[in-house]
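This note sets out a few points on the contacts in the model shown below. Please read them alongside the sequence and the coordinates.

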Amino acid sequence: MTATLQSPRTPSRSRSARGVLLATLALGFGIPFLLFSAILVLSPLSKPELLGAVVQGLGRLLGAEWDPSGWSVTAQLALYGVSVAVLGFILLNFGAVVSGMTVWWEMRVSSRMQSRVGYNRVGAGGFFQWVADAVKLLFKEDLVPADADQILFRAAPYFVLVGFALTFVALPFGESLIAADLNVGIFYLVSVTALVVVGILLAGWSSNSKWALFGGMRSAAQVVSYEIPAGLAILVPVLMAGSLSMQEIIRQQGAWPWQWFVFTNPIGVLAFLVFFVSQLAEGNRTPFDLPEAESELVAGYLSEYSSFRFALYFLVEFGNLWVMAAVAVTLFLGGWQVPFAGPEVFAAARGPAGALPGLGWWGLQVVSMAIFSAKTLFVLNLIVWVRWTLPRIRVDQMMDLCWKYLVPGAFAAFVFTLLWQILVARVPRAALASGVVLTVVAAAVAVVFLRQTWRNIKLVAGDRVDLTNW
Amino acid sequence: MEKLILRRVDRSGEEMILNFGPQHPSTHGVINFIVETDGEVLKKAVPDVGYLHRSLEKIGEIVGYPGFMPFTDRVDYVAAMFANEGYAVAVERLLKLEVPPRAQWLRAVSCELTRIASHLISVGTMAMDIGAFTPMLHGVRERETINDLIEALCGSRLTYNYHRIGGVAFDMPEEWRDKVLRFLDHFDTFLQEFDRLISFNEIYIRRLANVAVITGEQAIDYGLVGPNLRASGVDWDLRRDMPYGAYPSFKFGVPVGKGFFGVSGDCFDRYYVRILEMAESSKIVRQALESMPDGETMAKVPRNIKPEPGEAISRIESARGEMAYYVVSDGTNKAYRVRVRAGSFTAMGIIEDISPGLMVADLVALIASLDVVAPEIDR
Amino acid sequence: MTTDQIHERLKARFGDDVGPLSEAKIDPFAVVKRERIVEVCRFLKSEPGLELDFLEDLTAIDWPKRNVIEIVYHLASYKQRHLIVLKVETDRASPSLDSVESVWKTANWFEREVYDLFGVLFAGHPDLRRILLPDDWVGHPLRKDYQEAGGWHGITNVRENPLVELKRLDDKARAEAQPRPAAEKPPEPPAPGGQA
């Protein structure tokens with residue numbers, strides 16, 4: 001009699017692995033798709049002009065005659081309020097989900113860089129690890145140290161969360177896909193992110209722990225110092241665009257690299273670098289992560305937090321990557337500009353004002369959103385890459401860098417831009433010339449970089465690039 | 001301990017007294033520092049050791065000569081071969097035992113491989129303490145291969161119990177030599193990649209160069225040994241200057257810190273000397289494998305080891321410096337006194353006097369660059 | 001120089017305060033009078049030609065039969081590449097000695113360890129306190145007559161032999177699982193004490 005062992009690859013096992021993969025793909029693409037489409041649909045439609053047309057259209061669908069322009073002011077305001085509330089809710093969710101997915105992406109990238117396998121248990125490629133972590137954090141005990149300042153300790157995470165959530169209002173996802181096209185858009189962003197400092201300081205101080213206090217002090221010094229070069233660097237594209245509004249800054253750029261602000265101004269590269277470094281510092285990212293320097297301060301200002309409050313800090317830190325990248329893309333890298341589709345194309349597709357736009361316009365919006373997201377993800381990847389490559393700099397070196405190098409550099413960039421703008425006003429070709437030259441230089445640098453990378457990989461005997469183990 | 005410091009502190013100003021440890025995220029073991037800071041700048045950092053004291057020296061008086069060998073692994077579990085070798089050499093001197101050449105060569109090979117593994121941990125954790133997480137994992141990946149090789153050799157990845165009194169426990173397996181040589185081919189190029197990744201990184205150099213400088217006289221006076229001593233400019237290596245075992249047959253360089261990017265004796269020198277030492281160890285392993293003599297791996301050792309009354313000291317160049325075993329015998333089969341002198345113990349002693357004026361981040365760099373492991377300090 | 005030559009220089013300088021060089025079993029050593037140890041060390045460190053600038057090890061051995069605690073000094077020189085071993089005998093009842101910390105700073109921690117584990121007091125040491133054991137530990141463990149106190153702050157270091165303990169718990173569980181007639185003897189009390 002032969003007793004056959006069941007083969008380890010039983011059909012049920014491989015089927016469930018495939019099931020997991022499908023579920024991961026479905027949710028991994030589905031949730032962002034849902035959120036993006038919600039933003040796509042709701043952002044333009046929650047503006048007062050189009051809201052009326054939407055309600056009318058809805059009414060026609062249901063066979064009723066609804067004309068919001070004839071309603072009382074209160075009713076119109078209520079309608080506007082509801083639509084804006086829904087959009088805000090969607091944006092908040094978007095922030096949370098993008099934060100979680102950034103965690104996943106960062107952990108996968110870092111594991112590849114470190115020759116590790118990385119997350120691979122919860123979902124295909126470990127995609128749902130962030131969900132598992134969030135759930136775990138929710139179930140943890142919510143400890144508030146007895147000696148901590150009771151009110152401030154509990155309030156601090158919310159400052160940070162508010163400072164993070166409010167930025168999504170002014171992020172330009174697409175040509176008309178912005179929750180509120182404030183005419184002081186970038187100024188609003190800078191001021192709202194300053195709330196995060198308040199949250200960090202409160203966290204550090206109210207924890208009543210020396211290590212937390214250390215971290216809070218360091219972080220406050222860092223973020224406040226780096227606001228200066230960031231602000232100065234932001235002034236460069238503002239000067240070039242002539243406006244503080246996010247959409248206007250993007251409209252003044254073009255879709256092609258030689259039309260981006262980072263290239264059309266010879267000093268744009270410097271301004272971009274100063275801005276990039278300052279954003280890293282404001283987001284407490286390595287090489288500027290002294291406030292959370294693990295090997296020195298355990299978790300810095302977060303040491304005493306647990307459970308959901310910790311989750312909020314975590315969420316904000318990773319969600320900030322998206323915000324940082326989005327702002328960098330907006331200011332310097334051309335935003336959502338679509339190649340071959342200038343403002344006339346958008347206007348033509350728009351149709352008459354007051355009526356719902358046609359499908360062509362929606363299609364263009366999708367393209368612009370896709371371009372924006374792609375560029376943002378690229379810059380986000382840069383930030384993640386820098387984190388896992390560079391060591392941390394020391395507090396006094398960080399202050400040196402800010403005040404001795406970045407601030408003068410940003411000032412120089414600002415003054416140069418003033419003069420450059422005068423030149424461009426006289427000689428409009430100068431901007432294009434600078435753009436083309438710098439694009440060619442950037443392309444050359446990229447090619448050299450990639451070639452050197454390939455050579456470095458070849459140099460280590462026995463190493464190979466291994467993309468299995470997903 | 002804190003009470004002692006508090007008495008001496010002037011309570012004006014913004015001084016804080018903090019406990020740095022004993023639970024460190026940095027993997028130097030269980031050590032505590034009582035740190036008195038004024039803002040970011042330290043006034044004093046007093047080490048508080050003893051959390052890992054396992055009374056190994058007392059155990060040495062109980063378990064008998066061969067029985068103590070596994071305990072020596074635990075003296076320094078990051079580079080355990082050296083501890084094994086030190087004890088074996090001390091007892092062999094007491095017994096006036098001649099170790100066969102093949103065993104000595106095997107000792108050299110296993111020790112040098114362990115030196116590479118230990119230095120990988122050292123530079124890796126140092127990079128991690130400075131904030132770069134990736135080099136640690138690259139180093140640990142290489143160390144995994146070494147662990148696998150040594151596991152093929154002696155069955156164990158961390159606490160080897162490989163060197164025995166009179167020789168080594170096992171011979172090389174088949175094809176082990178080829179595997180080691182293949183690993184070394186890879187490793188030599190890996191070191192260059194590691195250098196490109198972190199050693200010459202501007203931020204890393206700024207963090208380490210000219211930080212916590214220990215001059216040569218200070219190093220000798222405070223009893224620093226090994227790479228710490230060499231980084232301070234003192235050209236001394238037991239393997240070359242007072243050789244033992246198979247080392248007279250090998251040609252290798254001894255890297256000395258000459259202020260690669262700063263002053264001789266700063267943290268970067270201590271780091272870079274270790275990187276260079278790994279390259280030298282790789283050369284030694286190659287030479288040893290090539291010139292490995294045939295023969296037995298173990299001398300004729302009596303069943304019941306009962307040396308004549310006397311005492312002997314053995315000095316070994318371990319990964320952390322000069323490790324000395326001082327064994328006193330009273331004629332019975334149990335040692336009368338076993339004393340382990342390890343390099344990390346005196347390295348801790350210097351921290352208190354070097355620390356005033358450093359910043360907290362520099363203290364981390366200093367501790368990491370001295371490559372202390374808690375089991376050696378506390379035994 | 002060889003150890004003999006160093007010893008001759010020492011003898012020439014200090015006469016009878018330095019004992020004769022012992023037989024080489026395996027390492028020879030010389031016993032120094034405890035009052036002169038600091039001067040001897042200073043001489044050895046600073047004398048040109050000797051320059052023993054490295055205190056390799058400072059440890060102690062407890063000889064209850066001879067009623068001494070020997071403090072052993074292993075000295076080495078980087079420049080001259082020679083070594084010597086010195087010993088100082090201290091009275092076991094109240095061992096005390098001058099500290100050589102002023103000669104080599106290394107001695108600071110070594111002497112603290114000897115104090116901690118053997119109870120030898122070093123006069124002139126800037127900071128003589130326990131190093132490996134907690135500050136409130138009683139006793140000096142490396143002495144041959146050290147008795148373990150059985151615990152520290154309520155943490156005991158004596159426990160029942162696990163095999164005996166498991167057997168006892170097994171028997172108890174088995175006894176409780178079966179229905180007991182009224183006349184049965186109660187189970188045996190557990191065997192006292194632990195045996196490592």
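Which domains does the domain assignment of chain A give?

1. The assignment gives domain 1 (16-137) and domain 2 (140-457) in chain A, the bounds coming from an automatic or database domain assignment. This is a predicted model, in which local features need pLDDT of at least 70, side-chain atom pairs count only at pLDDT 80 or more, and totals for chains, interfaces and linings use all residues. Residues are numbered from 1 along each chain as its sequence is written, while chains are lettered from A and ligands numbered from 1 in the order in which they are written.

2. The centres of domain 1 and domain 2 of chain A, taken over C-alpha atoms, are 22 Å apart. Their contact (C-beta atoms, placed from the backbone, within 7 Å) takes 28 residues from domain 1 of chain A and 29 residues from domain 2 of chain A.

3. On the side of domain 1 of chain A that touches domain 2 of chain A, two or more residues each come from helices H1 (11-45), H2 (48-62), H3 (73-113) and H4 (129-139) of chain A. Helices (H or I, at least four residues) and strands (E, at least two) are DSSP runs, numbered from the N terminus. H3(A) gives the most, with 15 residues.

4. That side of domain 1 of chain A comprises 19 nonpolar, six polar and three charged residues. Here Ala, Val, Leu, Ile, Met, Phe, Trp, Tyr, Cys and Pro count as nonpolar, Asp, Glu, Lys and Arg as charged, and the others, Gly among them, as polar.

5. Between chains, 24 residues from chain C and 32 residues from chain B form the contact. Strand E3 (54-63) and helix H3 (107-118) of chain C each give two or more residues to the side of chain C that touches chain B; the largest share, six residues, comes from E3(C). By class, this side of chain C has twelve nonpolar, four polar and eight charged residues.

Definitions and conventions:
Two residues are in contact if their C-beta atoms, placed from the backbone, lie within 7 Å.
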